[in-house]
Amino acid sequence: MFTYYLQLGLRSLKRNPILTALMVAGIALGIAASMTTLTVMHLMGSDPIPWKSDKLHYVQLDNWSPDEAANDDGSPPDQVTYRDALALMEAAKADKQAAMFKVSLPVQPENPEVKPFQSLLRATYSDFFGMFEPPFKYGGPWDRRQDAEHARVVVLGRDANEKLFGGQDSVGKSVRMNGVDYTVTGVLDDWKLRSKYYDLTTGAFSDPEEMFLPFTTAVDLKQRATGNNSCWKAPGAGWEAYLDSDCVWVQMWVQLDSPARLAEYKAFLDSYVNEQKKLGRFPRPLNNRLPDVKEWMRDQRVVSGDVQVQTGLGFAFLVVCLVNTIGLLLAKFTRKAGEVGLRRALGASRREVFKQFLIESGVIGVSGGVLGLLLTALGLVAVRALYAQYKSVASLDWMMVATTIVLAIVSAVLAGLYPTWRACRVQPAAQLKL
Amino acid sequence: MEIRPIFSALMRSKVSMILIGLQVALTLAIVCNALFIISERLDRMNRPSGMNETDTFWLGSTGFGQNFDAKSVQQADLQLLRSLPGVAAATSVISVPMSQGGWSTGVSLQPNQRTSTASTAMYMVDAQGLSAYGVKLVEGRDFKPEEVVFRSMNDRGIPVSVIITRALADRLFPEGGALGKQVYYDNEGPPSTIVGIVERAQTPWLSADFIENSTFVPAFIPYGSFTRYLVRAEPGRRDEVMKVVEQKMIEANPSRIIGRVRTIEQVRVDGYAGDRAMAIILGAVIVALLGITALGIVGMASFWVAQRTKQIGTRRALGATKFDILRYFQTENFIITTMGLLAGGVLAYALSLWLMHSFQSPRLPWYYVPVGFVCLWALGQLAVLGPALRASRVPPAVATRSV
């Protein structure tokens, strides 16, 4: 029976090609608008490291001015001072810990055919690699001993290795940056992140840095961070005074493998800050925070208000398209009252008629879904063109493709329910009179 | 024209009427709010930065090695840049308006004030600074070459002479007379004197609540071995200068990288990319929404016309003119649209309240909804015109046919 109804449905749709096209286009446009915006919002906010996002915690300490909070909502600064980061690294109370900041260095390739270029690097600790799990292609991270020794070592990203060594295994080779030679300990494979969640302070959608070097080495070479630097009190003169100041410019993450460890670490932070208060620092009330990855992404508004508004409007638009389709289907099915009457008179139950018309709406749904999927792909191309930084979040994955199709069919069937129900209530006798 | 028969006819197809009305209501609510957001974004994008954007570009220079002498390189670079044909002015800078990155600080009227009086962006320039930015000095004087201070990132202190924007001057000294007054950029350091006031120079941050508060400081502060230069070309010669600048600078000093050679026009485009994208996306939603709603009305009206062909024929046979039939459908559409619009008006303000509550957006100005009414009435009348004309052409003879 299904194939027969399908044939009937297709024939009926062919009879009014303009009306059918209108309905399919309506569903497709509604689906495309809602799915394009939903895809961007979903991927922006999606958990970048689902298997351990609740174990990675961002450290926030409130070392701000006694006279005003760091942020209007009273939350602590979004970075920590160098001296606090160093103290927490040395205490090593978490299961893993990594302080970090972004630096920019000129790279002077040995190969004379490669022009010197400016490179962004992340200065961090060896634990970074165990915490955020970038995939290695060759070699591995440097070790804790090298952290302690301020070793001149570097981990190359895939692109940097491509540029400098043509993609060869470059472990053990040396890279010259700003007059200093660094030994390559490892090369990353392609590391695609939807959001650069480990540092949200300078835009959530930039690529990971091209290379990684020890935090201690960068500080040793007096490399200033290229990210944000905020001070509530002017630092004293000189590099040492800057390191010792209350300026915040370091991001600090810890990995805590259980809720008990989290509670312990929280207590440790509180006692650390209380110790510091005795030294005259931390003039504000105790306000330490340890948001996990998802909480931190929410705090930092990784999914922007604009994207939320767009998604809301996209779905409102889908509702309008569905209302439109309901109206058109109603018109169409009402016109077929005669046909329904005839079928009913010949013995078809209401159930059978219902099935027949629902299949017809289903056909519209599938066609609208397929067209909508194509339009969604186009919509995402447009989003990538409009927002250069969204390239990692404006692409369809299988889940979104499936969601699109399901949404389209459910929408069309929902839209078809009322008109179908109306069509079934036709009194055969009334329709058969001449 | 009697409204009553139209009304009772409508009551017989309530659901269709409600569907069209609902569609009109949602359309009105979304279109009003989307248009308002678009107009806000356009206003934002049209704010003047205060600087000459058409003839200017900037570039970065990063030297190699720990022994790189930023100061002497900067002197040589500026000399070179200023000697290039077509260059009107050049200065070393740390930031430009709309670039979203830079230096900000608080300004106070008293030393050791607990909270600062105003926030300001800091633009470090040399004696050609105001000229390179192309900002307009409205009071006081420009910097003198001997006032320009060299300091490293790790040094402290703000030079004794500063030039501020009109907006910052008004904020600090609402009574006027800011010129010549002393202010504190460094709580514990000596004060700086306001020697000039420029008409306008936005901060680098487009969303800052102190966007008009900027301070020009006669200083050169390299970021390690990284220095940025802002160049203003003679009118119409910017692209010509940009083409040669990288090569000339590398020739003069090969132990460095020249990068990020960008026009200030491009900086503006990048800075406002999000606002532009939002305006375009909402514009597309509005067009699609109006299109769908219009097509929905056409479809429904066509269906009604087809359904009532016989009734129309009867009316024609009983003496109704073509115009009467046309008017019947036009009036019917007007009634449905109006009911939808009344609901839509409420919905539009509700949506605006939600946007205000969730996204801190401003209130929808009252006139958007009445204007939306007029537009959707017109859209409805246009959409129904085709089916209504078709109806008016139904011949009276139809009434005499039985099936």
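Q: How are α2(A) and α14(A) packed, in terms of angle and axis distance?
A: Two packed helices are described by the angle between their axes and by the distance between those axes. In this predicted model, α2(A) and helix α14 (residues 398–424) of chain A pack at an angle of about 140°, and their axes are 10 Å apart.

Q: Is the crossing of α2(A) and α14(A) left-handed or right-handed?
A: The crossing of these two helices, α2(A) and α14(A), is right-handed.

Q: Which residues of α2(A) and α14(A) meet?
A: From α2(A) come A:I27, A:I31, A:M35 and A:T39. They meet A:M400, A:T404, A:L407, A:A408, A:S411 and A:A412 in α14(A). Sorted by class, this contact has 7 nonpolar and 3 polar residues, with no charged residues.

Q: What does chain A contribute to its contact with chain B?
A: The contact takes 41 residues from chain A and 46 residues from chain B. On the chain A side, the elements that give two or more residues are α2 (17–45), β4 (117–124), α8 (239–244) and α11 (305–335). The largest share, 17 residues, comes from α11(A). By class, the chain A side divides into 27 nonpolar, 10 polar and 4 charged residues.

Q: Where does A:E240 lie, and is this residue buried or exposed?
A: A:E240 lies in helix α8 of chain A. A:E240 counts as exposed because it has 12 C-beta neighbours inside 10 Å, and a residue is exposed if that count is 12 or fewer.

Q: Which domains does chain A have, and how far apart are their centres?
A: The domain assignment of chain A gives domain 1 (2–47 + 304–432) and domain 2 (56–291). The C-alpha centres of these two domains of chain A lie 49 Å apart. Their contact takes 7 residues from domain 1 and 7 residues from domain 2. The domain 1 side has 4 nonpolar and 3 polar residues, and no charged residues.

Q: What is the division of chain B?
A: Chain B is divided into domain 1 (4–46 + 273–400) and domain 2 (65–254). In chain B, the C-alpha centres of domain 1 and domain 2 lie 55 Å apart.

Q: What span should helix α10 of chain B have, and what is the distance between its end C-alpha atoms?
A: Helix α10 (residues 322–359) of chain B has 38 residues, so at 1.5 Å a residue it should span 56 Å. Its end C-alpha atoms are 52 Å apart, which agrees. After α10(B) comes B:Q360, with a positive phi near 50°.

Q: Which loops hold A:A92 and A:N178?
A: A:A92 lies in the loop between α3 (82–91) and β3 (96–107) of chain A. A:A92 has a positive phi of about 50°, although it is not a glycine. A:N178 is placed in the loop between β7 (174–177) and β8 (180–188) of chain A. Phi of A:N178 is also positive, near 45°, and A:N178 is a residue other than glycine.

How values were computed. Residues numbered from 1 in each chain as written. Chains lettered and ligands numbered in written order. Predicted model: local features only at pLDDT ≥ 70, side-chain atom pairs only at ≥ 80, totals over all residues. Helix = DSSP H or I, 4+ residues; strand = E, 2+ residues; numbered from the N terminus. Domains from an automatic or database assignment. Contact = placed C-beta atoms within 7 Å. Nonpolar A, V, L, I, M, F, W, Y, C, P; charged D, E, K, R; others polar. Buried ≥ 20, exposed ≤ 12 C-beta atoms within 10 Å, placed from the backbone. Axes fitted to C-alpha atoms, helices over the stretch in contact; angles between N-to-C directions. Left-handed = near helix turned anticlockwise from the far one by under 90°. Expected span 1.5 Å × (residues − 1).
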